[in-house]
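Morning, everyone. Please have a look at the model on the screen, and then I'll walk you through it.

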Amino acid sequence: MSAASVLLRGGTVVNRDGERAADVRVEGGLVTDVAAPGTRLVADVVLDAAGCMVSSGFVDLHAHLREPGKEEAETIETGSRAGAIGGYTALVAMPNTDPAQDSVAVVDFVREQGKRAGLAEVVPSGCITTGRRGESLAPLAELAAAGVRLFTDDGNGVQDPMLMRRALEYARGLGVTLAQHCEVADLTRGAVMNECACCTDLGLPGWPALAEELMVYRDVELVRLTGATMHFLHLSTARSVELVRAAKRDGLPVTAEVTPHHLSLTDDLLATYDPVYKVNPPLRSRADISALAAGVRDGTIDAIATDHAPHPRRDKELALDAAPPGMLGLETSLGVVAPRLGLEPRDLVRVMSWNPARIARVDARHGRDVAPGEPANLAVFDLGASWAVDPGRLASKSTNTPYAGVALTGRVRHTLYAGVPTVRDGVATR
Amino acid sequence: MRHLRSIRELGGEDLVGLLRLTDHMTEINQRPVPRVPALRGRTVASLFFEDSTRTRLSFETAAKRLSADTMTFNVSTSSVNKGESLRDTIATITDMGVDCFVVRHRSVGVPWQISDWTTASVVNAGDGAHQHPTQALVDCYTIRERTHAERMDGMHVAIVGDIKHSRVARSNVDAFGMLGARVTLVAPPTLLPPDVAHWGVATTQDLDGLLGEVDVLYMLRLQSERMAQGHVPSLREYSEQYGLTRTRVDRLRGDAMVMHPGPMNRGVEMQIDPSDLKNSMIHRQVANGVSVRMAVLFDLLGAGSHLGGQA
């Protein structure tokens, strides 16, 4: 089956060497032409890209697709569709599924379900420890041989420093990266929200910044000791940014991500008692938001990652302490992040696509320049488009977005995965 | 007033108004037949997800004396334990025709969540470590009964004990402050929440240094699990530092009131039999509970015209 050729007309191509107005033609899964506007290019399908940026498709380092195990909340298909709506062409699937992604069988299943859905490349991550229990190493080499490049126990930090040291030493020769959810669990027992003035008023147990920063510090030093590559998931505090900045200054092989919600929402939202704002790590202060944004601007933080975490409505109708943490992110990330960070398009694409593609080691297919011969995994987005989030109209199977009714600026118009439009004019093609 | 979920929902005038209204209820409670038809035809449902016989009986008695119908939702035998969500439970009971939910829950915020799901009024009878507004009203009324003053300007209240885990402390800090009192929290720093500075209260670990100058000494219950959680080294050490002993009582000013929201932990924060206390308000606190809750229910549900009537 040969896919129809596609012409993206009238947009501005964003590449590493700059931006320029150009029409982009795609055929057979590859970019065939990038030509000055008005050049005569013929294609089966012509998509309007006027007013839009055309870049490599976004890559999410942090998506909970919930399959296998919690298909009530999301499936790989619905999660991939949500990703496509958000401009993503590759999604790293977090391993806290049931069963967990700690065996080749489960990892292969996730990848295959991704292919079956065909809406984005679903890149399974693997667990660092068996069952994410933090007790013994998962079969890292076997999983690496099966194509896994990013390992994490996300949702749990690996608490035991000796086990983490072993994991980093063991991983060093495998050409893989370990990613840590930084949380010293002994400091966050029962915690519901940031430790702050608001938690004082509400009488809720606090999640202190220190619980994250202690583990960031420990792992930076373990990287120094072992020489292994490490990625820090969803950093949320000013001091964490400072620790990673110092580690990079020392030349250590560390990278870091931040979520759109940690760049936009503050801890006082918990005073609404709405569990939609409960997330782990928790929403923090305005000062933390500023420090995180500064970290993105100066390159300390490499990537925006959504931590897309769907939950069925009944789970988010529980009391604050009983409700599971997490919020949707794939469909709203651009519109949340673009106006808040105020980055040049190139720097925006760097944190949404180029850097995460490199960290996930999918940069042979994603995060490439838009140029003839390159894989046609593309996002076409309008940075000026304003829209309001309607939870009832999301592609995700769940509705737990914290941005319901919020006006966002920046929206994906078309997404092409392997040369095929998965999203056309903001609507999923299937 | 549509709901009473937190003292912070009240303005200072509302608070004083409720205390004045309580005077009427106290008068009703002194009649040979303490019952008025004020809330005839209204239904009050008590929804106690956490056991508290005292508070529940106090609310139900208050509702009955105002001639409201009462409904007790027994959580331990209900379908909440069969997988029904809280929201479904609320919708079901609302459909039966309920005007007011009285809610006690171990989790912070549940009364607010419930008020989003029902057209009925919601009274918070305690949510986690957050708020217990009717207890604060009871305490303010008990002090008022003694001082005969509508406000607490110039008074100094010391609240002693586990502030961090106490909904009574949070509600009372708000209420006493609203009435003009100066509040000092007396606790080991491990039993204070992380950021009390913005409450506008003083804090100290030195109970003895404060005894001679307070008008009200408000003792909180210390639960024994705080020791297991490492908040205090031992109950013995806690009671030595913060417990009310005969020696400490003797150092209080002669007119200083001693209060406790109950239930007491004898031998821990109370090392003295309260019946040996000259100025104990503890029995008044219990006695005033019904009148205060009558005032709250009447304010929420009443038409405002039946107060003088006889049942």
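Start with helix α1 of chain A, residues 76-85: 10 of its 10 residues are buried, so the helix is largely enclosed by the rest of the structure. Buried means that 20 or more other C-beta atoms, placed from the backbone, lie within 10 Å of the residue's own. Helices here are DSSP runs of H or I, at least four residues, and strands are runs of E, at least two, numbered from the N terminus. Among the buried residues are Glu77(A), Arg81(A) and Ile85(A). After α1(A) comes Gly87(A), with a positive phi near 95°.

A word on the source. This is a predicted model: local features need pLDDT of at least 70, side-chain atom pairs count only at pLDDT 80 or more, and totals for chains, interfaces and linings use all residues. Residues are numbered from 1 along each chain as its sequence is written, while chains are lettered from A and ligands numbered from 1 in the order in which they are written.

Now, where do the chains meet? Chain B gives 20 residues to the contact and chain A gives 16. Contact means C-beta atoms, placed from the backbone, within 7 Å. On chain B's side, α3 (86-95), α4 (110-117) and α6 (167-178) each supply at least two residues. The largest share, 3 residues, is from α4(B).

Last, chain B as a whole. It has 10 helices and 9 strands. Buried residues are 48% of its 311. Its C-alpha atoms fill a box of roughly 55 × 45 × 35 Å along the principal axes.

Notes: Buried ≥ 20, exposed ≤ 12 C-beta atoms within 10 Å, placed from the backbone. Contact = placed C-beta atoms within 7 Å.
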